[in-house]
Amino acid sequence: MKIIVDAMGGDNAPGEIVKGAVQAARARSGLEIVLVGREEEVRSAAAACGAGTLPPAVTVVNAGEVVDMHDDPAKVFKRKKDSSMGVGLTMLKNGEGDAFVSAGSTGALLSGGTFIVKRIPGIRRAAMAPLLPTSGRGLVLVDCGATADCTAEYLLQFAYLGSFYAAKALGMERPRVGLLNIGTEDTKGDALRREAYQALREAGEKGSLHFIGNIEAKEAIKGGCDVVVTDGFSGNVMLKSIEGVGSFMGKELKAMFMQSVKTKLAALLVKGGLAAFKERLDPDTIGGTPFLGLQKPVIKAHGSSKARAIENAVYQAAAAVEADLAAEIGSHIELMRTGDERDGKNRGKSAVSY
């Protein structure tokens with residue numbers, strides 16, 4: 001299996017990107033890594049992290065340009081034809097690799113994934129689907145920012161995308177799908193939520209989805225479902241709220257345990273539990289967020305990713321390849337259309353948000 005890695009994407013490129021990719025290649029047999037970027041800088045980064053000679057499973061493809069956060073996602077691949085992100089995505093499209101990992105610009109990666117790798121025929125929008133920690137087996141949040149304005153069909157497709165991903169790549173048996181809403185009653189929410197509820201309920205009645213109904217954010221994060229479906233705007237607000245609460249709790253706990261000798265002793269007693277809790281909340285443990293609905297796996301690592309996060313993002317990409325999600329999604333496209341869409345109505349709505 002060959003994973004293509006954008007060596008120049010992210011705040012800590014190329015050093016941490018190269019280090020993480022090399023660690024993944026060394027740790028897992030049968031895994032090949034292609035580092036795409038400015039070759040001299042990539043090899044210097046490898047030497048700096050102790051890999052004077054790259055492992056046989058790691059190769060470098062030169063790309064002289066870099067996509068940065070100020071580039072227009074819609075135009076960057078025309079302006080920078082030799083960017084590490086563009087070259088890597090083109091290699092993926094041409095079958096020169098099985099998956100692509102980048103910590104670069106989210107908007108550019110979504111644009112490149114959509115227009116270079118392309119969506120699975122019949123899928124209206126790709127969706128970002130991070131795995132969030134819960135008191136249960138984890139929560140797939142779909143969408144978390146790729147598409148701000150949605151139709152009911154988009155949300156129906158997101159439900160299937162998230163369900164297939166949870167089952168095939170994450171090993172969740174019969175994932176429970178909930179629609180994010182302000183209450184659990186079927187009359188709650190705006191027109192979009194009510195229309196999406198009906199489409200999801202129909203899918204649940206047919207047995208093609210395990211739809212459990214509307215769910216509030218507080219119940220979802222407590223493990224009330226395995227896949228929570230929403231538009232990208234609401235999903236992004238939910239994701240960043242969770243990140244903020246996690247950061248706040250961590251700082252408050254640390255301050256509490258450092259107040260006195262007694263609290264410091266108490267901290268020693270629960271050190272193992274605190275470390276495990278911190279590990280669950282650490283995004284580096286997961287590594288990245290997949291763009292679901294593309295013809296081949298594309299994984300977005302956090303912009304500030306360090307080596308451990310990149311290593312885990314590579315493993316996540318490998319799991320997506322093994323799950324063959326594109327084939328699974330493609331074979332169920334007809335299930336992913338609302339009645340209006342099957343009749344040819346409501347085409348062309350929505351906009352992509354970067």
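**Figure 1. Glu322 in helix H12 of the predicted model.** Glu322 is found in helix H12, within a model that is predicted rather than determined by experiment. With a relative accessible area of 60%, Glu322 is classed as exposed, because the cut-off for that class is over 50%. Glu322 and Val229 are separated by 93 residues in sequence, and their C-alpha atoms lie 24 Å apart in space.

**Figure 2. Asp324, in the loop between helices H12 and H13.** Helix H12 comprises residues 307-323 and helix H13 residues 325-330, and Asp324 lies in the loop between them. Although Asp324 is not a glycine, its phi is positive, at about 50 degrees. Most residues other than glycine have a negative phi. The relative accessibility of Asp324 is 45%, and the residue therefore counts as partly exposed.

Figure 3. Arg174 occupies the loop between H6 and strand S8 (176-180). Its phi is positive, at about 45 degrees, although the residue is not a glycine. Is Arg174 buried or exposed? A relative accessible area of 59% makes Arg174 exposed.

**Figure 4. Two cis peptide bonds in loops.** Most peptide bonds are trans. The bond from Ala13 to Pro14, however, is cis, with omega near -5 degrees. Pro14 belongs to the loop between strand S1 (2-6) and helix H1 (15-27). A cis peptide bond also leads from Val142 to Asp143, where omega is near 10 degrees. Asp143 is placed in the loop between strand S7 (139-142) and helix H6 (152-168).

Figure 5. Thr230 lies in the loop between strand S10 (227-229) and helix H9 (232-257). With a relative accessible area of 1%, Thr230 is buried, since that class holds residues under 20%. Which residues does Thr230 touch, not counting residues up to four places away in sequence? Its contacts are Leu141, Val142, Asp143, Leu155, Phe158, Leu180, Arg193 and Gly235. Among these partners, Val142 and Asp143 are the two residues joined by a cis peptide bond.

Figure 6. The five strands are arranged in the order S6-S7-S10-S8-S9, and their pairing is mixed. The edges are formed by strand S6 (131-132) and strand S9 (210-215), each of which pairs on one side only. Five bridges connect S8 and S9, which pair in the parallel sense. Leu179 stands opposite Asn214 in S9. Helix H6 lies across S7, S8 and S10 and runs at about 165 degrees to S10. Helix H9 lies across S6, S7 and S8 and runs at about 140 degrees to S7.

**Figure 7. The contact between helices H6 and H7.** Two packed helices are described by the angle between their axes and the distance between the axes. The axes of H6 and helix H7 (residues 191-206) come within 8 Å and cross at roughly 45 degrees. That angle makes H6 oblique to H7. The crossing of H6 past H7 is right-handed. On the H6 side, the contact involves Ala152, Leu155, Leu156, Ala159 and Tyr160, which meet Leu192, Glu195, Ala196, Ala199, Leu200 and Ala203 in H7. By class, ten of the residues in this contact are nonpolar, none is polar and one is charged. Leu155 of H6 is also one of the residues that Thr230 touches.

Figure 8. Strand S4 (residues 99-102) pairs with S12 in the parallel sense over three bridges, and Val101 stands opposite Ile299 in S12. Strand S11 (residues 288-292) runs antiparallel to S12 and is joined to S12 by three bridges. Thr289 stands opposite Lys300 in S12. The hairpin of S11 and S12 has five residues between the strands, and in this hairpin Gly293 takes a positive phi near 105 degrees.

Conventions: Residues numbered from 1 in each chain as written. Predicted model: local features only at pLDDT ≥ 70, side-chain atom pairs only at ≥ 80, totals over all residues. Heavy atoms only, no water. Helix = DSSP H or I, 4+ residues; strand = E, 2+ residues; numbered from the N terminus. Buried < 20%, exposed > 50% of the residue type's maximum accessible area, 1.4 Å probe, protein only. Contact = heavy atoms within 4.5 Å. Pairing = 2+ DSSP bridges. Axes fitted to C-alpha atoms, helices over the stretch in contact; angles between N-to-C directions. Parallel < 35°, antiparallel > 145°, perpendicular 65-115°, else oblique. Left-handed = near helix turned anticlockwise from the far one by under 90°. Nonpolar A, V, L, I, M, F, W, Y, C, P; charged D, E, K, R; others polar.
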